[in-house]
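Please look at the structure before reading the notes.

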Amino acid sequence: MSPAPTLYRGREGMWMWVVHRATGVAIFFFLVVHVLDTSLVRISPEAYNEVIGSYKTPIYGIVEAGLVAAIILHAFNGLRIIAVDRWTWALRHQRLLVWIVWGIFAVLMAGFLPRHLMVVFGGGH
């Protein structure tokens, strides 16, 4: 006996569910690290300066770009989820809304990423 079909089985909605959970976990861990490194300023300003200094490397610049990507995806997909939960028209058009979220993500990252990477790799200020 096969399981009953669902709205998300292997389609855009299911993958956005996975993306939403993954970006949420990534943002959560960033916030934990942020709270911990910021709390260092009360314990040892020297240690705080050392940790913050280590963030000024290209690797952390790429991680920072990933964080921005996660925040953008999580935020706009969250708005899509609210719309799908609230309005029947959004539920009927949830596949289109998924692609709109990806479009917004692409446009915002296309605007952010070149400038950010220039700063990270020394090409801008």
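α1 passes α3 in a left-handed crossing, where left-handed means that the near helix is turned anticlockwise from the far one by less than a right angle, and right-handed that it is turned clockwise. The model is predicted, so local features need pLDDT of at least 70 and side-chain atom pairs count only at pLDDT 80 or more, while totals for chains, interfaces and linings use all residues. Residues are numbered from 1 along each chain as its sequence is written, and side-chain values use heavy atoms, with hydrogens and water left out. Helices are DSSP runs (H or I, at least four residues), numbered from the N terminus.

**α1 with α3**
- The two helices pack at an angle of about 130°, with their axes 9 Å apart; axes are lines fitted to C-alpha atoms over the stretch in contact, and angles run from 0 to 180 degrees between N-to-C directions.
- α1 is therefore oblique to α3, given that angles under 35 degrees count as roughly parallel, over 145 as roughly antiparallel, 65 to 115 as roughly perpendicular and the rest as oblique.
- From α1, the contact (heavy atoms within 4.5 Å) includes M16, V19, H20 and F30, and from α3 it includes L67, H74, N77 and R80.
- This contact of α1 with α3 has nine nonpolar, six polar and one charged residues; Ala, Val, Leu, Ile, Met, Phe, Trp, Tyr, Cys and Pro count as nonpolar, Asp, Glu, Lys and Arg as charged, and the others, Gly among them, as polar.

**α3 with α5**
- The axes of α3 and α5 come within 9 Å and cross at roughly 160°, which makes α3 roughly antiparallel to α5.
- The crossing of α3 with α5 is right-handed.
- Residues of this contact comprise 19 nonpolar, four polar and two charged.

**α1 with α2**
- The axes of α1 and α2 lie 6 Å apart at an angle of about 150°, so the two are roughly antiparallel.
- D37, T38, L40, V41 and I43 of α1 meet P45, A47, Y48 and V51 of α2.
- By class, seven residues of the α1 and α2 contact are nonpolar, one is polar and one is charged.

**Largest pocket**
- The largest pocket is lined by 24 residues, and F30, Y55, Y60, V63 and E64 lie nearest its centre.
- Two or more lining residues come from each of α1 (12-43), α2 (45-54), α3 (58-86) and α5 (94-120), and α3 gives the most, with nine.
- The lining divides into 15 nonpolar, six polar and three charged residues.

Terms used: 1 Å grid on protein atoms, 1.4 Å probe; cavity = no way out; pocket = protein on both sides within 12 Å on 5 of 7 lines; lining within 4 Å.
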